[in-house]
Amino acid sequence: MSIPTAHAGDTATALSFQNLSVSFETEFSDVHAVKGLSLEVYPGEVVALVGESGSGKSVTSTAAIGLLPPNAYITGRAMVGGIDVVGLPENKMRKMRATDIAMVFQEPMTALNPVLTIERQLTESLELHGLAYGKDATNRAVELLEMVGIPDPRKRVKQYPHQFSGGQRQRIVIAMAISCDPKVIIADEPTTALDVTVQAEILDLLRELKDKLNTGILLITHNMGVVADLADRVAVMFRGSLVETGTVDQVLNHPVHPYTQKLLASVPRLEAVDVTGTWEPEPAEVLDPERKLVLEAKNLVLEYDMRGSKFRAVDDVSFELARGQILGIVGESGSGKSTVAKAVLGLLPVASGVLAVQGTNLASLRPKAARAIRAKIGVIFQDPAASLNPRFPIGDCITEPMVVHKVGNRAERIRRAEELLDAVHLPRSVINRYPHELSGGQRQRICIARALTLDPELLIADEPTSALDVSVQAAVLEMIQELQARYEFACLFVSHDLAVVDLLAHNVVVMKDGKSVEQGRVSDVLHAPQHDYTRRLLAAAPVPEPREQAVRREARRLLTELENPDS
Amino acid sequence: MKSDIEPGEQELVSLVEVEDAELARKSSQSKSQGQLVRRRFLNHKAAMISTVVLVVITLTAFTSIGFAGIPGWWGQSYLKSSSVINGGAPTLSLWPSWLGGPGFAIGEHPFGQDNTGKDYFALVMRGTQKSIIIAVTVGALSTCIGAIIGAVAGYFRGWVDEVLMRLTDLFIVIPLLVLAAVLGQLAGSKLGGSIFALALVLGMLTWTGLARLVRGEILSLREREYVAAAQAMGSKTSRVIFKHLLPNTIGVIVVNATFAIAGAILLETSLSFLGFGVKAPESSLGLLISQYQNAFTNRPWLFWWPGMLIVTIALSVNFLGDGLRDAFDPRQTKKTRRRTKKEEVSE
């Protein structure tokens, strides 16, 4: 599939793959990860390689920089500025890294060496490749930091990674990647580990740099909003093959391949948002006096014990959750949203205030009664890889709550497990399998089944879909909705993804630094926010539509300018 | 792990469907982690050879001279003296006659005889029995104590951890050999010189390494979400520790148990050699070496047989431990076969 571009001729490509295939030899069988992929990235262009887990997108990019593990078997070509790097000896490959091809990693927390100053880490590649030494290298490092928007670079270049925030660290990683002026940068999920507002800033930076430096960027991502915000062209991968390539408008607005269509359909969208206008709130709906409160927090304060001193993670938060309702708690990392869930689960004591499940205050309960109330609460956690005991067969995982609360005999427990497997649309034969044989999405469905084993009154879902692929997320969300309609439990849904909360929840609490900044019906809070923080969150979340995203971006710029008129 | 597209699957366009189809396609035979470990272990050559060697030595030691009143197939007793034949030289000969040797023969006293004409084979076998019993008892005891102390310290953290770990430090800083010698002597005199007393004392002194390792494992495991899930569903602490945490440290525990056994054999040998362990007329490999250390120049077999057995047993147990570690943690033995082949690109 060739796309007409301004750059003609093969020599002009910054990076091109020709019929690249990669297979891995594993302990038991060979895995064919990439099957005959061809793709070009031209200078000054951002090509987004999108796909879900197992699609081979990361393997493709790793092949280009020559960092695949020794059991990989590669055929075809990966041309970096005219040189084929497939099978290139390590010493030659090493010379090309940083000067020809550079990488921005996903996790800024671990991509920098914590015991070296930023200066040492930035000048390292300059000195290794003989581009600048000593004072020149330091000056260049300061220049680079300035370019990526680190304030006061001359002073801060002497600091260590832990003295920078996550977003700043990612800026430094980007500075390292551009330090030797590479022909192509591979950005592997560069914003996935960041909060939305920080993500928006990093995307702005990348957009600015690509124009300034005329570097080709291969952007690996699963987030369609990021694609719409940054990419010029999009290549969609599915099970090791390219299924569709085209400009961002073609692919996102007029997808041809059924896989792309389905993938885009499963991205939750938060539309009709008014982030600037003032708006008259609808009259508050009259609360049904008969409604049954399942969970109630009054002036809730939660504290972590940090070696003697107390850290207040949640400060004076109140909310109510009635039967059959879903309450979303949204916020960025460190806002205390997961801490609330932890306290409801009894994993953290209540420091002050009231946290009551069906009218019983958790803090006043004796251990035995507290254990009994656990039977009424089900839980789904974020990481499907860690939330099932690897030594338990699936059947035992699902029926564990029955064993703990001594419900039913063996036959009844097996029957219950089968019922629940049907409910989460998994075959009954899974009962004797082990968690490692299941995919992430399937494991998360097992977690849902386990949470529902004892017919809970309350389901706590702590970021249940943030580790999942978009289409898997859609399936899991649909399942939660379906089960909630059937069993009518109340659900506390903690998420950083506003679109997911919009899709699922009835009411929402927006949290920032442990405090609730805004709460109410989803239709009010997420569509006509009154608080600036909520507005900023909404404006920062990218939407998978390039034109709409451009509008959103402009709105965000206005919002930030309003707040900091001097900058 | 199959990634090839099966017929009729091309039209699947969603990851969920693909994954579910793959799950349905998998053979109904599912492998637990235990089965995977077993398979890797059976493929580990050094470990398998060591296992066979250990089984042969153990079987020979226990069946030849009998155990606990059951008579064995070897006719002579380790207690009965008889006249010394040919200076007590071994009658075992493995050098076949067609190579110019005396021919294959076992003879009356294959390992020779000691000063008083006791059959040395019977003595060495008795010593091997005792050494194995002590080693296994010590291994089991120190593993249990170490695992439980480590698990409790790692799970509760805080002051419980402080107290238990300082206790562990205390055991580590006192020289093991001195403490074992004194306590072994005490226990021996109180309990009539039984080797179990010695084994109990050694077991209670050698759990420290495992306790620290298990504590470290538990500290990281307790942050996993399945532990939080178990706590959130109201599980008792004992259930969380014994059902969710300890079974997941089984790799560390099993591997270290084998090393504890090898260490115990050597520790018993050292103690007996120094005269603080097993006492005559009872026999142990270390005691035999100690008794005949002066005979090394003129009757070297009295030294070689027990020496060889100690080394063989300790080495085999160590190899076994290596095999188990590789089986539990396959990442440590990655295949390093790099294949890169360039194929012409059809353009």
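Which residues in H11(B) meet residues in H13(B)? In this predicted model, the residues of H11(B) that take part include Ile250(B), Gly251(B), Val254(B), Val255(B), Thr258(B) and Phe259(B), together with Ile261(B), Ala262(B), Ile265(B), Leu266(B) and Thr269(B). Their partners in H13(B) are Ile310(B), Ile313(B), Ala314(B), Val317(B), Asn318(B), Leu320(B), Gly321(B), Asp322(B), Leu324(B), Arg325(B) and Phe328(B). The axes of the two helices, which span residues 250–274 and 301–328 of chain B, come within 9 Å and cross at roughly 170 degrees. Because angles over 145 degrees count as roughly antiparallel, H11(B) is described as roughly antiparallel to H13(B).

Elsewhere in chain B, helix H5, comprising the 16 residues 158–173, reaches 23 Å from its first C-alpha to its last, close to the 22 Å expected at 1.5 Å a residue. Buried within H5(B) are Val160(B), Asp161(B), Leu164(B), Met165(B) and Thr168(B); seen down the helix axis, the buried residues fall within an arc of 110 degrees, and they therefore line one face of H5(B). Helix H4 (120–156) and helix H8 (208–221) of chain B are among the elements that cover these buried residues, whereas the exposed residues Trp159(B), Val163(B) and Val173(B) are carried on the face turned away from the buried side.

With regard to cysteines, the count over all chains comes to 0 disulfides. Cys447(A) is in no disulfide, the nearest cysteine sulfur being that of Cys397(A), 8.1 Å away. Cys447(A) counts as buried because its relative accessibility is 0%, and Cys491(A), at 0% relative accessibility, likewise counts as buried.

Terms used: Residues numbered from 1 in each chain as written. Chains lettered and ligands numbered in written order. Predicted model: local features only at pLDDT ≥ 70, side-chain atom pairs only at ≥ 80, totals over all residues. Heavy atoms only, no water. Disulfide = S-S within 2.5 Å. Buried < 20%, exposed > 50% of the residue type's maximum accessible area, 1.4 Å probe, protein only. Helix = DSSP H or I, 4+ residues; strand = E, 2+ residues; numbered from the N terminus. Expected span 1.5 Å × (residues − 1). Arc of directions from axis to C-beta. Contact = heavy atoms within 4.5 Å. Axes fitted to C-alpha atoms, helices over the stretch in contact; angles between N-to-C directions. Parallel < 35°, antiparallel > 145°, perpendicular 65-115°, else oblique.
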